[in-house]
Amino acid sequence: MQKVLVARPIFPDVIERLKQHFEVDWHNGDVLPADELKRRLADKDGALTAGDVIDASVLAAAPRLRVVSNMAVGYNNFEMAAFNAANVLGTNTPDVLNESTADFGWALMMAAARRIAESEHWLRAGKWEKWSYDGFLGSDLYGSTLGVIGMGRIGQALARRARGFNMNVIYHNRSRVAPEIEAELNAEYASKQDLLRRADHVVLVLPYTAENHHTIGAAELALMKPTATLTNIARGGIVDDAALAVALRERRIAAAGLDVFEGEPKLNPALLTVPNVVLTPHIASATEATRRAMANLAADNLIAGLGEGPRAGRPPNPINADVIGKARS
Ligand code: GLV
């Protein structure tokens, strides 16, 4: 039987599924430190990860490893050049999380715009003594301009919801989406600078790459309207969190909603001290149904990637399909 490591806690029934095909080493605990991860992978044929860093040094320590299945759509934790050089297949879990993640983007954006978290903290602190005409004035969503940076599947799901709010949708992406999609979403392509100047609510839904590091920094924040909000449901590192904390504190933008952070689960302490930011612990895809779908898809990818089950050799979501069938090097 082939051996796999499941590097994170996961639904126990998914472990049972994997046990039908593999000898499973399940790390049902805190994130494995790199040296322990390497030690546990030394004799494994496959692994199921969720954000664990798999780079050239990890692959070198795991000479049998042929498939690493990430339970996430983003795979910036995989050093893909090293995967390709070693003929290791990487897989991810796209699509099944699009709608839940788009819903959550709206939840954060609306909470930021209408100051829901900030006013709730104030209320819980016992500070509500009287109604006031100017208490917690926010920014409207209905009829405003939504700026989506990253118009992939989640960005499109997010933009589709804007119709009900009668919003004007502008977007920026590496390349323009197909004209039919632009027409369906009533979305206008804009340069990043133009989008930042015009949008009332900016939402980030782009993958993290070296090129996208600090896509939003001090210079970009300076272009935004003082009444605008910024929501990040993509990845930490896309926003310069230190610069954002300053912009929020100085009210250069109105508010932010952040689900992801540079260096999470630690976060820039300055963010904890500004009131006009809603902070959530990387839960945009966290509904029972969606997390189950992601876990099962990650298992499907591992099972098929390692040549087992009805889709043997044809995993649903290969990132680097070119290595399928090549010997591990
Ligand atoms: C979550 O952040 C994911 O990439 O699926």
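The model is predicted, so local features need pLDDT of at least 70 and side-chain atom pairs count only at pLDDT 80 or more, whereas totals for chains, interfaces and linings use all residues. Residues are numbered from 1 along each chain as its sequence is written, and side-chain values use heavy atoms, with hydrogens and water left out.

E9 also pairs with E6 in the parallel sense over four bridges, and there Gly-147 stands opposite Val-202 in E9. In a regular strand the side chains alternate between the two faces of the sheet. From E9, His-201 and Val-203 point one way and Val-202 and Leu-204 the other, and all are buried, that is, under 20% relative accessible area, with exposed meaning over 50% and partly exposed lying in between (1.4 Å probe, protein chains only).

The open sheet as a whole has seven strands in the order E8-E7-E6-E9-E10-E11-E12, with parallel pairing. Because strand E8 (187–189) and strand E12 (277–279) each have a single partner strand, they stand at the edges, and one side of each is left without a neighbour in the sheet.

Helix H5 (residues 98–113) lies across strand E6 (145–149), E9, E10, strand E11 (255–258) and E12, and runs at about 150 degrees to E10; angles run from 0 to 180 degrees between N-to-C directions, and axes are lines fitted to C-alpha atoms, for helices over the stretch in contact. Helix H11 (residues 241–249) also packs on the sheet, where it touches E10, E11 and E12, contact meaning heavy atoms within 4.5 Å.

H5 in turn meets helix H7 (residues 153–160), the two axes coming within 8 Å and crossing at roughly 55 degrees. Among the residues that meet are Gly-105 and Trp-106 in H5 and Ala-157 and Leu-158 in H7.

Lys-192, found in helix H9 (residues 192–198), counts as buried at 18% relative accessibility. Residues up to four places away in sequence aside, Lys-192 touches Ile-149, His-172, Thr-215 and Glu-220.

Terms used. Pairing = 2+ DSSP bridges. Helix = DSSP H or I, 4+ residues; strand = E, 2+ residues; numbered from the N terminus.
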